[in-house]
Amino acid sequence: MAAGTGASGPRVLSRAEVDAFRTRGFLLIPAVFTPAETDELAEHLDGLIAGWAETSPGWSGPWRQAYMDEATEKKSKLTAMHDLSFYSDAWMRAVTNPKLVGAMVDLLGPNVELHHSTMHVKPPEAGHPFPMHQDWAFYQHADGRYVDVLVHLDETRHENGEIRFLPGSHRNGALEHVTQTPAGPCTPHLPTDRWKLEDTVAVPAKRGDVVCFCIHTVHGSHINVTGKNRRLVRIGYRDPENLQTGGQSLGRPGLMVAGRRPRHAGQPLFSINGPAS
Ligand SMILES: O=C(O)CCC(=O)C(=O)O
């Protein structure tokens, strides 16, 4: 991944934090959102959960049997929706939050484009675990200049399924994921016999913290066995010159949250009739 820090140095992160991100492929950034901002985001999130989000069994595939016994697998659910800023002004402010955007400039800059946001709520008691995977498998890009950010609305720990990473795994680039079973297609994930949550590092975080990681960093999380929702929102940012080649929101331009979008020779304006085919 190209360095985002300019001659004047990082804006929000320390050089040690930028280096840690480059070496490990993930970084906890404490207190990006103030307690008041976090309360407002959580309140809007609860409104979206009640009004718009979908609760379903979540990701499909043979990993479910490897991660859960039969009764738990039947109970396990995920509450999710995409692009929260289309529905909530608090989330519109969150995706353009100056401290968060400054951190993205430190990691990707000077030009940063918003790609998407996605709610991941693990409901109480059997809230959906996540098998080991790279986010690249869901939105393929040409290179690693893409950072995912997990905004924490609840404090996380082992019992509610904090995020977990395989340090340095981003350096392997894109990996082949399981996407098919004899019964048909399934949600992309890495083979469970070779990629194990037990080998990962846990990154528990507090309300208002964000945990960011590279699109190629292998990660996953355990089930939520507590009596409360575990509420996270992922926001994806990229260098606008990192071409998307497949997956979620392909062909859709995003807001420029820092810098400018360089124009390539002959590149047309974005169509007012939707994404070009
Ligand atoms: O919400 C989680 O625990 C996992 C999140 C995740 O895997 C992702 O956002 O790609």
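Reader: How far does a polar side-chain atom of His 219 lie from an oxygen atom of the ligand?

Author: This is a predicted model. His 219 is one of the residues that surround the ligand. The pair to look at is a polar side-chain atom of His 219 and a ligand oxygen atom. Their separation is 2.9 Å.

Reader: Which side chain has an N or O atom 2.6 Å from an oxygen atom of the ligand?

Author: The residues around the ligand include His 120, His 219 and Ser 221. For His 120, a side-chain N or O atom is 3.4 Å from a ligand oxygen. For His 219, the figure is 2.9 Å. The distance of 2.6 Å belongs to Ser 221.

Reader: Which residue stands opposite His 219?

Author: His 219 is in strand 12. Strand 12 runs antiparallel to strand 7, residues 163-165, and three bridges join them.

Reader: What is the strand order in the open sheet of four strands?

Author: Strand 7 and strand 12 are joined by three bridges. The edges are strand 5 and strand 10 (201-203), each pairing on one side only. From one strand to the next, the twist averages 25 degrees. Pairing is antiparallel, and the order reads 5-12-7-10.

Reader: How much space lies in the largest cavity?

Author: The whole structure was searched with a threshold of 30 Å³ or more. One cavity passes. Its volume is about 130 Å³.

Reader: How many charged residues are in the lining of the largest cavity?

Author: Five are nonpolar and five are polar. The charged ones number three.

Reader: Which residue stands opposite His 120?

Author: His 120 surrounds the ligand along with residues such as Lys 122 and Phe 130. His 120 sits in strand 4. Strand 4, residues 112-122, runs antiparallel to strand 3, with four bridges between them. The residue opposite His 120 is Ala 80.

Reader: Which residue in strand 3 stands opposite Thr 55?

Author: Strand 2 covers residues 54-56, and strand 3 covers residues 78-82. They run antiparallel, joined by three bridges. Across from Thr 55 stands Thr 79.

Reader: Which residue has a positive phi although it is not a glycine?

Author: Look in the loop between strand 3 and helix 5 (89-95). A residue there has a phi of about 60 degrees. That residue is Asp 83.

Reader: Which two residues does a cis peptide bond join?

Author: Look at the loop between helix 6 (98-108) and strand 4, where Pro 110 is found. The omega of the bond is about 5 degrees. The bond joins Gly 109 and Pro 110.

Notes: Residues are numbered from 1 along each chain as its sequence is written. This is a predicted model: local features need pLDDT of at least 70, side-chain atom pairs count only at pLDDT 80 or more; totals for chains, interfaces and linings use all residues. Side-chain values use heavy atoms; hydrogens and water are left out. Two strands pair if DSSP finds at least two bridges between them. Helices (H or I, at least four residues) and strands (E, at least two) are DSSP runs, numbered from the N terminus. On a 1 Å grid over the protein atoms alone, a cavity is a set of points where a 1.4 Å probe fits but cannot get out, and a pocket is an open set with protein on both sides within 12 Å along at least five of seven lines; lining residues have an atom within 4 Å of a point. Grid points are joined across faces, edges and corners, and a volume is the space filled by probe spheres set on the points. Ala, Val, Leu, Ile, Met, Phe, Trp, Tyr, Cys and Pro count as nonpolar, Asp, Glu, Lys and Arg as charged, and the others, Gly among them, as polar. Axes are lines fitted to C-alpha atoms, for helices over the stretch in contact, and angles run from 0 to 180 degrees between N-to-C directions. A residue is near a molecule or strand if one of its heavy atoms lies within 4 Å of it. A polar contact is a pair of N or O atoms within 3.5 Å; within protein, one must be able to donate a hydrogen and the other to accept it, and residues adjacent in sequence count only if both atoms are side-chain atoms.
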